[in-house]
Amino acid sequence: MSLPARFDAAVDAHPAGPYDPDAHDADPHHLAVARRLVAGLSPAPRPELVVDVATGTGFAAVAALEALAPRRLVGVDLSPRMIEKAAAKTAGDERVEWRVGPAVPLDLPDASADVVLCASALHLIGATAPPEWRRVLRPGGQVAFSIPVAADFHPSPAFAAALPADLTAPADEAGAAHIARAAGFESVRVTTTAPPRRSFLVFGRVPA
């Protein structure tokens, strides 16, 4: 089963939304990661455009709307059912555009975004994603992404077979930082969430 089909099925299996904070079956790990990613950003002035890549049901995008107050936000995901759930959270908010589409390439001009977010999804997209984020970010723009710690990432064989072969979960903070630096980001910093499901939170900037 493809990754988009898997995530469509996840929405159907959890009608309340597996990433929704008010749902009884919400995943607190992903919610906490998304909120920490947003809290670690310091865009100034107010962002004109925030892009949430592989937005899922929009948990990171909604956190960014609340904390960063961007003038515009674009959330992109391959799963139509996930986008339906995300769109329901921001109905009537004219700042927000939800798109069903790939993470690479993004349908955005060069140097058009102030912030790119990718919460708990880089390992699902692959190594081509960080350079694409670099392309769409303006000089001085910020990226914030998370990726599992290798020792804590145990996908099923079927799920592992659907993952990209060009990017693996890093073993340490240096490996996580290398992903950002290799894509051309500077001022890179990394923190690690608490066990048992640790993730690296990675922040960087495009050179001004």
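Is Val190 buried or exposed, and what is its relative accessible area? In this predicted model, Val190 is buried, with a relative accessible area of 15%; buried denotes under 20% relative accessible area, exposed over 50%, and partly exposed the range in between, computed with a 1.4 Å probe and protein chains only. The model is a prediction in which local features need pLDDT of at least 70 and side-chain atom pairs count only at pLDDT 80 or more, while totals for chains, interfaces and linings use all residues. Residues are numbered from 1 along each chain as its sequence is written, and side-chain values use heavy atoms, with hydrogens and water left out.

Val190 belongs to strand β6 (residues 186-192). Helices (H or I, at least four residues) and strands (E, at least two) are DSSP runs, numbered from the N terminus. Not counting residues up to four places away in sequence, Val190 touches Glu173, Ala176, Ala177, Phe200, Leu201 and Val202, a contact being heavy atoms within 4.5 Å. Ala180 is 10 residues from Val190 in sequence, and the C-alpha atoms of the two lie 9.9 Å apart.

The protein contains eight helices and seven strands. Of its 208 residues, 50% are buried. The exposed surface comes to about 9200 Å², of which carbon and sulfur atoms supply 57%; accessible areas follow the Shrake-Rupley method with a 1.4 Å probe, and for residues only the protein chains shown count as cover. Among contacts between residues at least 6 apart in sequence, 65% join residues at least 24 apart.

Strand β4 (residues 113-118) is mostly covered, with six of its six residues buried. Strand β1 (residues 49-53) runs parallel to β4 and is joined to it by three bridges; two strands are taken as paired if DSSP finds at least two bridges between them. In this pairing, Val50 stands opposite Val115 of β4. Strand β5 (residues 137-148) also pairs with β4, in parallel, through five bridges. Here Cys118 is placed opposite Phe145 of β5.

Helix α6 (residues 129-136) has Ala129, Pro130, Glu132, Trp133 and Val136 as its buried residues. Seen down the axis of α6, these residues fall within an arc of 160°, so they line one face of the helix; the arc is that of the directions from the helix axis to the C-beta atoms. The buried residues of α6 pack against strands β1, β4 and β5, and against helices α5 (122-125) and α8 (173-182).
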